[in-house]
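The sequence and the coordinates come first, and the description follows.

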Amino acid sequence: MFIYEAQKLLREKKITPSILLKESIEKIEEWKRLGAFITTNIDQVLELAAKQDKILESEYDNLPTLFGIPLALKDNIYTKNLQTTAGSLFWKDFVPTQDAQVVTKLKNSGALLVGKTNMHEIALGVTSNNPHYGPCLNPHDNSRVAGGSSGGSAIAVATGMALGALGTDTGGSIRIPASLCGVVGFKSSYGTVSTRGIIPLSWHLDHVGPIATCVEDVKIIFNIIAGYDSKDPFSVKNANKKSKSIEKNQIRIAKAVGNFIDEADANVLKVLDNAVKMLRESDLSVEEENVDWLRELSIANRTITQVEAATFHKERLATHPDWFGEDVRERLLQGSNASGIDYATARYNQTVGKYRFKEFFKKYDVLLLPTVPVIAPPIAGRDAVEMAKVLTKFTAPFNLTGLPAITLPCGKVDGLPVGLQIVGGYMKDKKLLSIAQMIEAILKY
């Protein structure tokens with residue numbers, strides 16, 4: 001069920017919050033083997049749902065937006081009086097005394113937060129094959145990765161354990177698992193959603209955002225969690241001013257081409273080509289643009305991620321390196337060993353990348369490219385460090401430049417989902433979501 005459908009049924013008194021929650025709990029039990037959750041919050045939300053049922057009986061004209069809607073949260077997001085591990089041994093007993101800003105907003109909006117989802121350890125990886133809390137298994141093929149680092153959140157949505165979820169995204173960690181699990185994932189412009197109360201990975205690249213089963217649901221959640229936070233030094237004031245509605249014949253779309261894009265699996269590119277063909281047949285204008293320059297941005301994002309992660313985890317790495325999983329420890333050490341020249345070069349490329357995209361989006365409204373260059377890889381196989389380089393290739397440039405980006409399911413290869421990534425101009429999130437919704441309606445996938 002979509003969130004927007006559940007909202008309507010609740011307000012028409014055709015269902016109750018307890019009914020919706022019961023369905024989620026049943027799915028959590030049914031799909032337990034997929035490893036989507038580290039901690040569940042069932043007893044508390046059952047009590048809340050019962051209270052909401054009574055509210056629904058009496059007054060229902062002014063219900064908060066997410067009243068009665070079961071949602072899940074990635075386990076690096078602070079939740080008051082509920083364990084928050086970041087998928088790590090270092091926080092295995094950590095129970096925050098306050099909520100993250102996004103959690104406060106969701107609670108105020110009436111959401112039923114069913115639990116904390118499994119993830120790649122400290123969010124530094126894209127397989128969600130967690131050595132401490134177990135692997136996240138792809139719901140389409142349990143022998144393959146769900147993607148990461150927000151793997152549990154994507155699984156929860158794909159299987160109906162929750163109608164929506166929050167993930168975090170530093171190099172693609174919302175969009176990658178959403179793509180590999182066949183759902184919608186959105187990373188907004190940098191600074192539009194507060195990261196206060198989220199265990200950081202990279203201060204200059206971290207984002208938090210929604211995963212859901214359609215663009216409309218993503219919009220609903222985004223509109224709740226977005227907004228300036230005066231207590232978050234990375235929050236941007238006056239972001240995303242209201243944009244004008246855009247007509248179909250006015251939309252300018254660029255399809256990414258070049259050697260960099262051609263490194264994707266041929267079957268993935270074939271699915272994307274078919275999607276573009278459908279858009280053109282629907283009278284949307286799509287031009288081709290070489291984006292080989294994205295390669296340097298992808299590399300720069302990796303450097304900044306690892307250096308800033310190593311900085312944040314410096315004491316933990318020094319005192320208990322054995323508490324980190326092998327792949328995470330290796331990437332933290334790479335960050336520790338990077339030179340000031342490496343970091344300065346990456347920051348320079350970040351500034352240049354932002355400038356190039358500023359010019360790019362004077363000509364176009366959105367850029368289309370694959371979300372992930374391959375289908376979900378097997379859990380057993382390639383080293384997780386090398387896997388990160390492959391799976392983040394097409395997502396990382398947009399963390400580096402802070403641009404809004406969304407992934408939509410657009411087809412399958414060998415029964416596994418393929419995602420279409422749509423990228424917009426900085427602080428043009430609402431325009432991007434409108435165009436994405438239009439594209440979603442054309443693809444009808």
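## Cavity, pocket and helix contacts

The lining of the largest cavity consists of six nonpolar, nine polar and two charged residues. In this division Ala, Val, Leu, Ile, Met, Phe, Trp, Tyr, Cys and Pro count as nonpolar, Asp, Glu, Lys and Arg as charged, and the others, Gly among them, as polar. The model is predicted, so local features need pLDDT of at least 70 and side-chain atom pairs count only at pLDDT 80 or more, while totals for chains, interfaces and linings use all residues. Residues are numbered from 1 along each chain as its sequence is written, and side-chain values use heavy atoms, with hydrogens and water left out.

A cavity is a set of points, on a 1 Å grid over the protein atoms alone, where a 1.4 Å probe fits but cannot get out; a pocket is an open set with protein on both sides within 12 Å along at least five of seven lines, and lining residues have an atom within 4 Å of a point. Points are joined across faces, edges and corners, and a volume is the space filled by probe spheres set on them. One cavity of 30 Å³ or more is counted.

| Site | Volume | Residues nearest the centre |
|---|---|---|
| Largest cavity | about 150 Å³ | Gly171, Asn301, Thr305, Arg331 and Thr392 |
| Largest pocket | about 360 Å³ | Lys354, Thr401, Gly402, Leu403 and Tyr426 |

Helix α10 (residues 294–312) gives the most to the cavity lining, with four residues. Helices (H or I, at least four residues) and strands (E, at least two) are DSSP runs, numbered from the N terminus. In the largest pocket, the elements that give two or more residues to the lining are α13 (340–363) and α15 (396–400). The largest share, seven residues, comes from α13. By class, the pocket lining has six nonpolar, six polar and five charged residues.

Arg331 also takes part in a contact (heavy atoms within 4.5 Å) between two helices: Asp327, Glu330, Arg331 and Gln334 of α12 meet Ala384, Val385 and Ala388 of α14. The axes of α12 (residues 326–337) and α14 (residues 384–391) come within 9 Å and cross at roughly 70°. Axes are lines fitted to C-alpha atoms, for helices over the stretch in contact, and angles run from 0 to 180 degrees between N-to-C directions. The two helices are therefore roughly perpendicular to each other; angles under 35 degrees count as roughly parallel, over 145 as roughly antiparallel, 65 to 115 as roughly perpendicular and the rest as oblique.

Helices α2 (residues 17–30) and α3 (residues 42–58) pack with their axes 8 Å apart, at an angle of about 155°. This makes α2 roughly antiparallel to α3. Among the residues in contact are Leu21, Ile25 and Ile28 of α2 and Val45, Leu46 and Leu56 of α3. The contact residues divide into ten nonpolar, two polar and one charged.

Two backbone details lie in loops. The peptide bond from Gly148 to Ser149 is cis, with omega near 10°, and Ser149 is in the loop between β7 (141–145) and α5 (151–159). Lys13, in the loop between α1 (3–11) and α2, has a positive phi, near 60°. Most residues other than glycine have a negative phi, and most peptide bonds are trans.

The chain has a mean pLDDT (the predictor's confidence in each residue, from 0 to 100) of 96, and 99% of its residues reach 70 or more.
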